[in-house]
Structures are given as structure tokens and as C-alpha cells.
Amino acid sequence: MPRIIAVTGVTGFIGRMLVRSLRSAGWSVRLLVRPDSIARLSSPPTSETILGSLEDPIALEQLVNGVYAVIHCAGAVRGRTFEDFSQVNVEGVKRLVRAALNQSNTPRFLSLSSLAAREPQLSHYASSKQQGEQALAEAGGGMEWVALRPPAVYGPGDREMLPLFQWMGRGIAPILGEPLARLSLLYVEDLTTAILSWLDSGGCKSGVYEITDTQDNGYSWEEVTERVSVLLSRRLIRVPLNEPLLRALAGLNLVGARVLGYAPMLTPGKVREIRHADWVGDNGELTAALGWTPTYSLEDGLRATMGWGRPDSTDSRG
Ligand SMILES: NC(=O)c1ccc[n+]([C@@H]2O[C@H](COP(=O)([O-])OP(=O)(O)OC[C@H]3O[C@@H](n4cnc5c(N)ncnc54)[C@H](OP(=O)(O)O)[C@@H]3O)[C@@H](O)[C@H]2O)c1
């Protein structure tokens with residue numbers, strides 16, 4: 001009988017790509033889907049589609065029953081208050097871990113955290129991701145667990161980085177950070193291949209692992225702009241967005257979110273994240289544990305995401 005992988009967050013950007021990669025690699029998947037989100041599944045529901053949420057312990061028991069591994073991709077990435085994030089990113093992790101530990105054969109457990117967890121003081125999101133990791137470490141002593149810390153992930157279906165790249169495609173490069181600030185990026189397929197490597201590894205040391213693309217020391221905003229400019233063979237107009245302006249936009253957005261009742265992405269906390277000077281991750285421990293290495297440069301990822309440029313003859317990805 002094929003071993004089953006339980007996956008959450010399957011209607012989201014990363015979860016959808018992950019399910020596709022798992023199926024292509026021959027794994028059977030069992031999916032947790034909120035009933036209102038079923039139309040966002042990338043393929044029709046099957047008998048292995050569990051309707052429910054992270055707030056529903058019975059659905060979580062059904063999800064993890066007899067599975068080989070749990071891959072937890074569900075997360076709250078937008079919100080106003082700490083509770084908006086913690087209900088999913090902390091309490092959700094705790095409930096899912098509890099369900100996993102109730103199994104007679106405890107499944108392996110991989111949770112998508114975030115590089116933001118390294119700086120929990122910056123935002124409610126960052127703090128909730130760090131507390132989610134803590135919850136996993138405390139509750140997960142009886143099982144093999146891994147929390148992956150990706151930086152900003154981009155690729156087909158992403159909604160967060162896409163507008164930035166779309167502006168660049170129109171010739172305008174918003175510069176969101178200081179000249180010396182550096183950030184790592186990750187093309188979504190490198191993230192899914194890392195998760196497949198973890199599954200294939202059959203076991204690795206429990207803990208928190210950073211993950212980034214092929215650029216070891218990350219990028220400055222100027223370097224991102226320059227690479228896009230070369231890829232598009234055109235000059236881009238740099239538009240620096242300074243902190244007071246971003247803070248003002250975030251303040252307006254918070255008011256809008258309160259009045260209109262939507263979950264905001266740009267908040268004062270998100271501005272502190274964006275303006276943070278060091279978002280460079282390190283693949284060292286993950287590569288040592290799994291033998292996985294990233295294959296996508298920023299140029300490769302942007303070609304695949306935006307259809308920019310042409311693959312050059314030196315592209316050696318297999
Ligand atoms: N994208 C990035 O750049 C990035 C970077 C670092 C870390 N991460 C982490 O990676 C994970 C996935 O990110 P993403 O970009 O794919 O996010 P996304 O597109 O917003 O997807 C979030 C997923 O979580 C599900 N979800 C939210 N609350 C839930 C609940 N209470 N019960 C069940 N499912 C729930 C959503 O389901 P519905 O469709 O029903 O809302 C959706 O499937 C998150 O944990 C995020 O923190 C993302």
C-alpha cells in the first residue's frame with residue numbers, strides 16, 4: 001500500500017505547488033481543505049480530501065490517521081492583531097501536533113515556518129511563526145519534526161511578490177529597503193524539492209532549518225533590480241519607498257481593514273519586516289542533513305514565473 005502524506009494549506013500558493021510535486025513524485029496525498037475553499041483546489045476532491053480546518057480536532061484526526069508524514073503548509077500571513085496570526089500559526093500547530101502524537105505510529109512532521117521567526121520582535125506574524133516553532137519543539141519531543149524557514153518565496157500563483165515583479169516588468173522598480181539591506185529569495189520549486197528530499201531521506205535530526213536559493217549571501221534591492229533589468233534588457237526606473245511613506249500606507253491600510261473587514265498584508269509590523277536589514281538565510285544545515293541543494297537562481301525563477309528572458313546555454317539545471 002502506498003504511504004500517505006497528510007498536507008494542510010493545499011489551497012494556498014505553496015501548498016498547491018507542493019501537492020502537484022508530491023503526486024508527480026508518486027506519493028499519495030491526503031488533503032485538509034476548508035469547505036468554503038474547495039473551489040480553490042487544483043484538482044477535484046477525492047476520498048482523501050478531508051473537509052475541515054485547523055480548529056476542528058476531528059478533521060485533524062482523520063487527516064493524520066495512519067499517514068507516513070504530515071506536511072503543514074497552512075498559515076496565516078495576513079492580519080491585524082496577534083490573535084489573527086496566533087490562532088493559526090501557534091494554536092493550529094499545537095492541534096495538528098496533538099493529532100499526530102495520538103497516532104500509534106507517530107508520523108514524521110514538517111512545518112513551514114518562516115525566516116521571519118528569526119526576528120520575532122518585528123511583527124505579530126514573525127512572533128507567531130516563532131511561537132509555532134516553539135510549540136512544535138515542546139510538543140514534538142516524541143516525534144521527528146522539522147520546521148523550515150523560507151525567506152520570501154515566489155513562483156506561479158504567488159500573490160505577495162508578484163505585484164513587485166509586475167511593476168518591474170512595466171519598467172518601474174520599487175526599492176523597499178536601505179541600500180545595505182540584504183534579503184534571500186526562494187523559487188517555490190526549490191522549496192518543494194527540499195520537502196521531497198526530506199521525505200526521501202527517511203529521517204533527519206529534528207530542528208529548525210533555514211532554506212534559500214542559490215545566492216548564498218542574498219541580494220540587495222539594487223542587485224534584484226539590476227538582474228531584472230539585464231533579464232528584460234531594459235533600464236528600470238528606481239522608485240525608493242522610504243520608511244515614513246511605507247508606514248503611512250500601512251496606517252491607511254489598517255484603517256481600511258478595520259472599516260471594510262479584510263485581513264491586511266501591509267501593516268506597521270510588515271513594514272518593520274520589509275525594512276529589516278538582514279534577511280539572508282543559510283542552507284548549510286539543511287544541505288548537511290538532506291544532501292539537498294537549490295537549483296534555481298533568481299534569473300531562473302523569474303524566467304519560470306514571469307516568462308522573462310530566454311534560457312541561456314549555460315543553464316545546467318537537470
Ligand atoms: N509565501 C511566502 O513567501 C512564505 C515565506 C515564508 C513562509 N511561508 C509560510 O508558508 C506557509 C504557506 O504560505 P502561502 O504563501 O502558501 O500562504 P497562502 O497562499 O496564504 O495559503 C495559506 C493556506 O493556509 C490555509 N489556512 C489558513 N488558515 C487555515 C485554517 N484555520 N485552517 C485550515 N487551513 C487554513 C489557507 O486555506 P484557505 O484557502 O481556506 O484560506 C491556505 O490554503 C505559511 O505558513 C507561511 O507562513 C510563506
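**Entry 1. Lining of the largest cavity**

I began with the residues that line the largest cavity: His-72, Ala-74, Asn-89, Val-93, Ser-111, Leu-112, Ser-113, Lys-129, Gly-132, Glu-133, Leu-136 and Ala-147. I then looked up which elements give two or more residues to this lining, and found β5 (108-112) and α5 (124-139). Of the elements, α5 gives the most, with 4 residues. I note that the model is a predicted one.

**Entry 2**

I sorted the lining of the largest cavity by residue class and recorded 5 nonpolar, 5 polar and 2 charged residues. Lys-129 and Glu-133 are both in this lining, and I list them as the charged pair.

**Entry 3. Number of cavities**

How many cavities of 30 Å³ or more does the structure hold? I recorded 2.

**Entry 4. Lining of the second largest cavity**

I listed Leu-110, Val-146, Leu-148, Ala-194, Trp-198, Cys-204, Tyr-209, Leu-286 and Leu-290 as the residues that line the second largest cavity. At least two residues of this lining come from each of β6 (145-149), α7 (188-201) and α11 (284-290). Which classes occur in the lining of the second largest cavity: nonpolar, polar or charged? I counted 9 nonpolar residues, no polar and no charged. For the largest cavity, by contrast, my entry stands at 5 nonpolar, 5 polar and 2 charged.

Definitions and conventions. Residues are numbered from 1 along each chain as its sequence is written. This is a predicted model: local features need pLDDT of at least 70, side-chain atom pairs count only at pLDDT 80 or more; totals for chains, interfaces and linings use all residues. Side-chain values use heavy atoms; hydrogens and water are left out. On a 1 Å grid over the protein atoms alone, a cavity is a set of points where a 1.4 Å probe fits but cannot get out, and a pocket is an open set with protein on both sides within 12 Å along at least five of seven lines; lining residues have an atom within 4 Å of a point. Grid points are joined across faces, edges and corners, and a volume is the space filled by probe spheres set on the points.
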